[in-house]
Amino acid sequence: MPERMPDFLIIGAAKCATTWLQRALQLSPEIAMPDAELHYFSRGYARGPAWYAAQLPAPAPGQLLGEKSNSYLTDPVAAERIRIACPDVRLVVQMRDPVARAYSDYCMLLRRGETDRDVWRWLDPEHMAQERFLHDGLYAHHLSRFFSLFPQDQILLLLYEEMCSGPGSQLARLADHIGCRAQLPGPPDGRVKDRNAPLVPLPLRRLLAPARPLLDRIRHRTPLRQLRDAVARPVNHPALPPRLAARMRAFYQSDVARLEGIMGRKLQLWQEGAEDACTGSAGDRPG
């Protein structure tokens, strides 16, 4: 077991601006976090505790140690592994209208070339209820594993839409929950994982795939950045049809009701079906 386990974990949900949360936390001198999602307690557990320890930064005296891996929320065994390894860890979950979350996740994989433009094929609950895009948004279902193993006060539930409308107050809640004494810096500028950003065409990305380890190390250098900007093109994502969105919202209705019971509040901002409180589209960051 590593000499020191994380003081806090951001465990999800995917496509709910958790990378934005991570960037905000990393701006604080009181916090140490790795840049990468380690997925240790989910799909990387076989690598062992020594591997996990080697991936975590060595915190300075007085620093809090954290990690973010969105797969922890939805992995069926991650909660138990976390409880065994670090029973006192503070857990953070940021959630988003599950319909918008599923559509955003679909758009991300479309950009990667892992889905096609038939949005009904990927998001229709009649056929895809147990698959990634829809199943990952069943927040109450996934949270039940954590609430059965951890005290309620160790789990902070945040809403993406409220981080958009009031980032300062939400970051203050986050700081208080993890034990960060100083006020977290203001929200980072710029969009994180912008689905509307121009993209290198898929055939060229596939051609360059063998060289990715080298290219990733130099991707921010001016010549390579200029070359990328020259060949990148906007991605035209298929719209989410209103009839499909309504089917998805009906699919999530009972789980959202369970989540309202957990949180002790109504989630009217989701029930009204606003696609994205931040940008009017399925974007990926607050601010």
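Me: What is the secondary structure of the chain, and what percentage of its residues is buried?

Reply: The model is predicted, so each value here is computed from predicted coordinates. The secondary structure of the chain comes to 16 helices and five strands. Of the 287 residues in the chain, the share that is buried, meaning under 20% relative accessible area, comes to 49%.

Me: Among contacts with a separation of 6 or more, what share comes from residues 24 or more positions apart?

Reply: Here we count contacts in the chain whose partners have a separation of 6 or more, and then ask how many of them join residues 24 or more positions apart. That share is 78%.

Me: Is K15 buried or exposed?

Reply: K15 is found in the loop between β1 and α1, and it has a positive phi of about 60° although it is not a glycine. Most residues other than glycine have a negative phi. The relative accessibility of K15 is 11%, and because the cut-off for burial is under 20%, K15 counts as buried.

Me: What is the relative accessible area of H39?

Reply: H39 sits in the loop between β2 (31-32) and α2 (49-55), and its phi, near 50°, is a positive value in a residue other than glycine. H39 is buried, and its relative accessible area is 14%.

Me: How many of the nine residues of α1 are buried?

Reply: The buried residues in α1 are T18, T19, W20, L21, Q22, A24 and L25. The helix is mostly covered, and the number of its nine residues that are buried is seven.

Me: Are α1 and α11 roughly parallel or roughly perpendicular to each other?

Reply: The axes of α1 (residues 18-26) and α11 (residues 167-178) come within 12 Å and cross at roughly 70°. W20, L21, A24 and L25 of α1 make the contact with P167, L171, L174 and I178 of α11, and by class it has eight nonpolar, no polar and no charged residues. Because angles of 65 to 115 degrees count as roughly perpendicular, the two helices are roughly perpendicular.

Me: How many charged residues are in the contact of α5 with α15?

Reply: Helix α5 (residues 98-111) and α15 pack with their axes 9 Å apart at an angle of about 125°, and the two helices are therefore oblique to each other. The contact is made by P98, V99 and A102 of α5 and by A245, M248, R249, Y252 and V256 of α15. These residues divide into seven nonpolar and no polar, and the number that is charged is one.

Me: On which residue is the kink in helix α15 centred?

Reply: Helix α15 covers residues 242-263, and its buried residues are L244, A245, M248, Y252, D255, V256, L259 and E260. The helix is followed by G264, whose phi is positive, near 70°. The kink itself is about 45°, and the residue on which it is centred is Q253.

Conventions
Residues are numbered from 1 along each chain as its sequence is written. This is a predicted model: local features need pLDDT of at least 70, side-chain atom pairs count only at pLDDT 80 or more; totals for chains, interfaces and linings use all residues. Side-chain values use heavy atoms; hydrogens and water are left out. Axes are lines fitted to C-alpha atoms, for helices over the stretch in contact, and angles run from 0 to 180 degrees between N-to-C directions. Helices (H or I, at least four residues) and strands (E, at least two) are DSSP runs, numbered from the N terminus. Angles under 35 degrees count as roughly parallel, over 145 as roughly antiparallel, 65 to 115 as roughly perpendicular and the rest as oblique. Contact means heavy atoms within 4.5 Å. Ala, Val, Leu, Ile, Met, Phe, Trp, Tyr, Cys and Pro count as nonpolar, Asp, Glu, Lys and Arg as charged, and the others, Gly among them, as polar. The bend at a residue is the angle between axes fitted to the seven residues ending there and the seven starting there. Buried means under 20% relative accessible area, exposed over 50%, partly exposed in between (1.4 Å probe, protein chains only).
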